[in-house]
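This report describes one protein chain, from its overall fold to selected residues. The sequence and the model come first.

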Amino acid sequence: MADNKKELIYDETSDLIIKITQDLATKDGAHTVTVRKILKELNCTNRVFYNRFHNIDEVLQIVYKNAVVKMQESINSEFSIEDDFFGFALDVATKVLINTYDIKMQFSQYMFEHDSLTESNRLWWTNSMKKYLEYAEEKNLIKKVDHDVLCYSIWCFCRGYNADAISRKI
């Protein structure tokens, strides 16, 4: 039996399609990006696009995943015991909020629809925050808190949506 899945091409044109998609999403929002707009920017045929991607959502997912990595990088600041913990926490929180706000403005509807389904992303964020909470508790900088609840609350706050919490009945 023949395999109906066609092997897709990955090359510089694929990267260019991703870049154009990102630019269009940044300019007008992800919900406005279409294959037709990408092809117009690239000045090529449908075949060029569909030899590389199955559909527009596939490209948007790549752009979205790249955006998630960028947001995650904003929390990867290394803390030194010589630093003021609260200054450090404020700096990290500020970077995270600015990055997530900028990216959410480009992908607001797309993120709302897809981010809640991405358990690995939520777990990455909450686990990353827990190490800072553990340090603050260990140094008696904050009182004992439920790490899971607080990290999840921060996750929801940074995302700007409470729909996820409602769907989880929290």
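## Terms and basis

Helices (H or I, at least four residues) and strands (E, at least two) are DSSP runs, numbered from the N terminus. The model is predicted: local features need pLDDT of at least 70, side-chain atom pairs count only at pLDDT 80 or more, and totals for chains, interfaces and linings use all residues. Residues are numbered from 1 along each chain as its sequence is written, and side-chain values use heavy atoms, with hydrogens and water left out.

## Fold and confidence

The protein chain contains eight helices and zero strands, which gives the pattern α-α-α-α-α-α-α-α when read along the sequence. Of its 170 residues, 38% count as buried. Buried means under 20% relative accessible area, exposed means over 50%, and partly exposed lies in between (1.4 Å probe, protein chains only).

The average pLDDT of the protein chain is 79, and 78% of the residues score at least 70; pLDDT is the predictor's confidence in each residue, from 0 to 100. Confidence is highest in helix H2 (residues 35–42), at a mean of 95, and lowest in helix H8 (residues 163–167), at 52. Where pLDDT is low, the predicted coordinates should not be read in detail.

## Largest pocket

Rolling a probe the size of a water molecule over the atoms shows where empty space is left. On a 1 Å grid over the protein atoms alone, a cavity is a set of points where a 1.4 Å probe fits but cannot get out, whereas a pocket is an open set with protein on both sides within 12 Å along at least five of seven lines; lining residues have an atom within 4 Å of a point. Grid points are joined across faces, edges and corners, and a volume is the space filled by probe spheres set on the points.

The largest pocket has a volume of about 430 Å³. It is lined by 20 residues, of which Ala-89, Ala-93, Met-129, Leu-133 and Ile-154 are the closest to its centre. Helix H5 (85–115), helix H6 (119–138) and helix H7 (147–159) are the elements that give two or more residues to the lining. H5 supplies the largest share, eight residues. By class, the lining has 20 nonpolar, no polar and no charged residues (Ala, Val, Leu, Ile, Met, Phe, Trp, Tyr, Cys and Pro count as nonpolar, Asp, Glu, Lys and Arg as charged, and the others, Gly among them, as polar).

## Nonpolar cores

A nonpolar core is a set of buried Ala, Val, Leu, Ile, Met, Phe, Trp, Tyr and Cys residues joined through side-chain atoms within 4.5 Å. The largest one has 19 residues, and Ile-75, Phe-79, Trp-125, Met-129 and Trp-155 touch the most other members. Two or more residues of this core come from each of helix H4 (56–73), H5, H6 and H7. H6 gives the largest share, six residues. A second, separate core holds 16 residues, including Ile-18, Ile-20, Phe-49 and Leu-60.

Arg-52 is located in the loop between helix H3 (46–50) and H4. Its relative accessibility is 12%, so Arg-52 counts as buried. The Arg-52 side chain makes a polar contact of 2.9 Å with the side chain of Asp-11, and also reaches the backbone oxygen of Val-48 at 2.9 Å. A polar contact is a pair of N or O atoms within 3.5 Å; within protein, one must be able to donate a hydrogen and the other to accept it, and residues adjacent in sequence count only if both atoms are side-chain atoms.

Val-48 itself belongs to helix H3 and, at 22% relative accessibility, counts as partly exposed. Its C-alpha atom is separated by 9.0 Å from that of Ser-14, 34 residues apart along the chain.

Most residues other than glycine have a negative phi, and most peptide bonds are trans. Asn-43, although not a glycine, has a positive phi of about 55 degrees. Asn-43 sits in the loop between H2 and H3 and is exposed, at 70% relative accessibility. Asn-140 also has a positive phi of about 55 degrees and is not a glycine. Asn-140 is in the loop between H6 and H7, exposed with a relative accessible area of 68%.

Lys-139 lies in the loop between H6 and H7 and is partly exposed at 42% relative accessibility. Lys-6, in the segment before helix H1 (12–28), is partly exposed, with a relative accessible area of 45%. From Lys-6 to His-54 the C-alpha separation is 9.5 Å, and the two are 48 residues apart in sequence.
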